[in-house]
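Here is a short tour of one protein model and its ligand. Have a look at the structure first, and then we can walk through it together.

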Amino acid sequence: MSGTVSQLPVAIAGTGSYVPERVLTNADLEIMVETSDEWITTRTGIKERRIAAEDEFTSHMAAKASRKALEQAEMDASELQLIIVATITPNTLTPATACYLQHDLGAHRAVAFDISAACSGFLYAMKLAERLISDGAFENALILGAEKLSAFVNWDDRSTCVLFGDGAGAAILKRAEEGEGKILATDIGTDGGQTDLLNIPGGGSACPITIENADQRLATLAMVGGDVFKQAVTRMRDSANSVIERSGLKPEDIKLLIPHQANLRIIEAITKRIEIPQERVFVNLHKYGNTSAAACAIALDEAHRADKFGRGDHIVLVAFGAGLTWAAAAIRW
Ligand code: UT7
């Protein structure tokens, strides 16, 4: 589903991110499962990831990222009208993590709900918020990608436990003033025919966790890595190309590409196919691993605060994840 902005333009007024203090290195994982720093580095590019404390939930990380975004946007939480949290690791199945966050922030005027689109979730939230603001339903929105994946990882499964990490990223969207940057084009897509490639099979209504199945660790991430890899490359290439083209841009106009941070080899493959040189691609997966919905959000904030792009520059975000889902956004900052 594609969209170019036809009504009120929408800008990003602030970004924020947070990662937990505890660092889990590849060397630490070598002690936990049969793996090696060499395997993890060459196959994924990941060197370390952050792990939330036991009493640090998804909404807590989201709140820390949100406060930084609010500060940068020079806004008070009480002004927020809409909060959308993209997560596959909510505090509780219900209510939504966005409700805990709304209360924590004191954003009492905001309508708050979660969306579940895995690693594409932050960009799904961006599209939704952009449309709702553009249509005039809301004046502003706080969107988040926030995950505590460490709570849903099988720490005995070397094929998945080395990949994921925890963290949160936030952005404030609002109507753009004259001369400000704006979201130029967005793209979201879903293929529900491949739900088996990447999922958390247990813990939902299809397979509740019971005393009988408790030892099977069904409420943990399962992935057919190779198949997901191939799909990730083609879907992200197509989604990124779609927003670049519909924005009237060419690859050489893109100051920075911010792709989902799952695997360095996937990032290299898509940037080659989109024809954007590697030096204009933002990568931080070596520090955080794959943080699902939080990955693009954290990367956007880090790149922004590191002045990797500035006013008037064009950037493209692109993501892919379980569902299968994919999404992209082209933004003039
Ligand atoms: O965020 C949503 C999107 N997610 C992704 O995009 C992830 C996509 N997939 C991937 O990034 C890659 O498929 C993985 C990193 C998950 C795996 O890399 P791969 O090159 O596809 O490896 P593989 O799964 O084909 O495994 C190759 C070998 C196997 O051994 P054999 O069968 O060849 O003897 C695995 O058992 O590597 C073995 N292996 C490991 N060895 C050491 C798997 N995990 C590990 C490990 N350490 N942690």
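The notes below take up the ligand site and then a sheet.

## Around the ligand

This is a predicted model. There are 24 residues around the ligand, and Thr35, Arg43, Arg158, Asn263 and Asn290 come nearest. By class, the shell has eleven nonpolar, nine polar and four charged residues. Domain 1 (7-180) and domain 2 (183-332) each supply at least three residues to the shell.

Arg265 places a side-chain N or O atom 3.0 Å from an oxygen atom of the ligand, while a polar side-chain atom of Trp39 lies 3.2 Å from a ligand oxygen. On the backbone side, a polar atom of Gly225 is 3.1 Å from a nitrogen atom of the ligand. Taken alone, the ligand exposes 950 Å², and the protein buries 70% of that.

Which elements give two or more residues to this shell? They are α2 (37-44), α6 (158-161), α7 (225-246), α8 (264-274) and β13 (314-321). The most comes from α7, with four residues.

## A five-stranded sheet

Now to an open sheet with mixed pairing, whose five strands follow the order β2-β8-β7-β5-β6. Its edges are β2 (10-18) and β6 (111-115); each has a single partner strand, so one side of each lacks a neighbour in the sheet. On average, neighbouring strands are turned by 20° against each other, direction ignored.

Within this sheet, β7 (residues 140-148) and β8 (residues 166-175) run antiparallel and are joined by nine bridges. Leu142 stands opposite Ile172 in β8.

Notes: Residues are numbered from 1 along each chain as its sequence is written. This is a predicted model: local features need pLDDT of at least 70, side-chain atom pairs count only at pLDDT 80 or more; totals for chains, interfaces and linings use all residues. Side-chain values use heavy atoms; hydrogens and water are left out. A residue is near a molecule or strand if one of its heavy atoms lies within 4 Å of it. A polar contact is a pair of N or O atoms within 3.5 Å; within protein, one must be able to donate a hydrogen and the other to accept it, and residues adjacent in sequence count only if both atoms are side-chain atoms. Accessible areas come from the Shrake-Rupley method with a 1.4 Å probe; for residues, only the protein chains shown count as cover. Ala, Val, Leu, Ile, Met, Phe, Trp, Tyr, Cys and Pro count as nonpolar, Asp, Glu, Lys and Arg as charged, and the others, Gly among them, as polar. Domain bounds come from an automatic or database domain assignment. Two strands pair if DSSP finds at least two bridges between them. Axes are lines fitted to C-alpha atoms, for helices over the stretch in contact, and angles run from 0 to 180 degrees between N-to-C directions.
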